[in-house]
Amino acid sequence: MGEKLTLSVIKADVGGYVGHSSVHPKLLEKAGECLGESKFLVDYHVTHVGDDINLIMTHRKGVDNAEVHQLAWDTFLACTEAAKELKLYGAGQDLLSDAFSGNIKGMGPGVAEMEFEERGSEPVIVFMADKTEPGAWNYPLYKMFADPFNTIGLVIDPNMHEGFIFEVHDLIENKKVKFSLPEELYDLLVFIGAPGRFCIKSVYKRDGTIAATSSTEKLNFLAGQYVGKDDPVCIVRCQSGLPAVGEVLEPFANPHLVSGWMRGSHSGPLMPVSFENSNPTRFDGPPRVIAAGFQIANGKLIGPQDFFADVAYDGARQKANKIANYMRSLGPFEPHRLSLDEMEYTTLPIVLKRLQDRFVPIEEDEAAAAKDEE
Ligand code: F6R
Ligand code: MG
Ligand code: MG
């Protein structure tokens, strides 16, 4: 048995160019320089989706490693300095604390990490999304690992036929639970159909082998106030008893509605786009997802392959644009605007306070009106 490899994807928004739309090339350059100085990374790749910098790193130190997290933190700090010099928008916005305490989780950046034994051939896809929240992965992960209409391997590949284990996190109660599929499929759906609260953290084969993992940090829960959207990442291993690359990409052909978009307070379609087209524009969106494919060879990241650049996703983009038109036509009305408890911004308490004296109990009002009529 070989030495295990860890794939860590750590992301943060430390300054937008222009507004919240993209990352300035100088920040990506700076991030590359910082990771390049590391003595322990086997390999790394720096990229961005919209205004988020993604550090994709391989190493032998395992998940939740203090040195790896410190490296990511220091890299984001260095990028913040570069962002401040250029007066980029919201410089340092995702770094919630000044003092790093050994684990980057809970400090603002999003983290998805998995440790595994590198297979004879190791195809992986790193999904990265902007202007949305961690629950955005629930629908595609469910389709990839549990829906035979998406993944024919569940039906006809003897190595997949037994199904997968889903680990779900309750982000409000801070609890986790595992479901075995297909037999607990209906139970799973009760929870993951509510992606604002329950998120699929990881998927495993029945023997415990990790198949997929996502970032589940909710920035607004961490900071206790609006500080930006979570803009999650997700790693999926493919092939040989796991969903094929095409089965992993397939759910994104039907752009599902996710929470996020303008001011983190709207519902809109998740549009699959090429790396080049990953910068949200219209109404700060629509929310976007990119898919970077890598073959891992002795820890080296061979790639990336820009999967959603393919013309086969043109139809999904057109559909997403149509849905975006319809949702925008609803303006400030739900379900385009999120429900009150899900919005990142709200003026409700301020307006309520200003109007508090004008609110009277409905019954009293009716009684007063009846008296006036007498
Ligand atoms: C959503 C997002 C943007 C901003 C919007 C307002 O996640 O990042 O839609 O919420 O551009 O930004 P501020 O309040 O910084 O002017
Ligand atoms: Mg931003
Ligand atoms: Mg973002």
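**Close-up views of a predicted model**

Residues are numbered from 1 along each chain as its sequence is written, chains are lettered from A and ligands numbered from 1 in the order in which they are written, and side-chain values use heavy atoms, with hydrogens and water left out.

**View 1. Asp147 sits in the loop between H3 and helix H4 (153-156).** Helices (H or I, at least four residues) and strands (E, at least two) are DSSP runs, numbered from the N terminus. Ser8 is 139 residues from Asp147 along the chain. The C-alpha atoms of Ser8 and Asp147 are 27 Å apart.

**View 2. Helix H3 (residues 138-146) packs with helix H5 (residues 185-192).** The angle is about 165 degrees and the axes are 11 Å apart. Axes are lines fitted to C-alpha atoms, for helices over the stretch in contact, and angles run from 0 to 180 degrees between N-to-C directions.

**View 3. Two cis peptide bonds.** One joins Leu181 and Pro182, with omega about 15 degrees. Pro182 lies in the loop between strand E7 (175-180) and H5. Another joins Gly285 and Pro286, with omega about -10 degrees. Pro286 is in the loop between strand E13 (271-272) and strand E14 (288-297). Most residues other than glycine have a negative phi, and most peptide bonds are trans.

**View 4. Ser240 has a positive phi of about 45 degrees, although it is not a glycine.** Ser240 lies in the loop between strand E10 (233-237) and helix H7 (245-249). Ser240 is exposed, with a relative accessible area of 64%.

**View 5. Trp261 is not a glycine, yet its phi is positive, near 55 degrees.** The loop between strand E11 (257-260) and strand E12 (266-269) holds Trp261. Trp261 is buried, at a relative accessible area of 1%.

Terms used
Predicted model: local features only at pLDDT ≥ 70, side-chain atom pairs only at ≥ 80, totals over all residues. Buried < 20%, exposed > 50% of the residue type's maximum accessible area, 1.4 Å probe, protein only.
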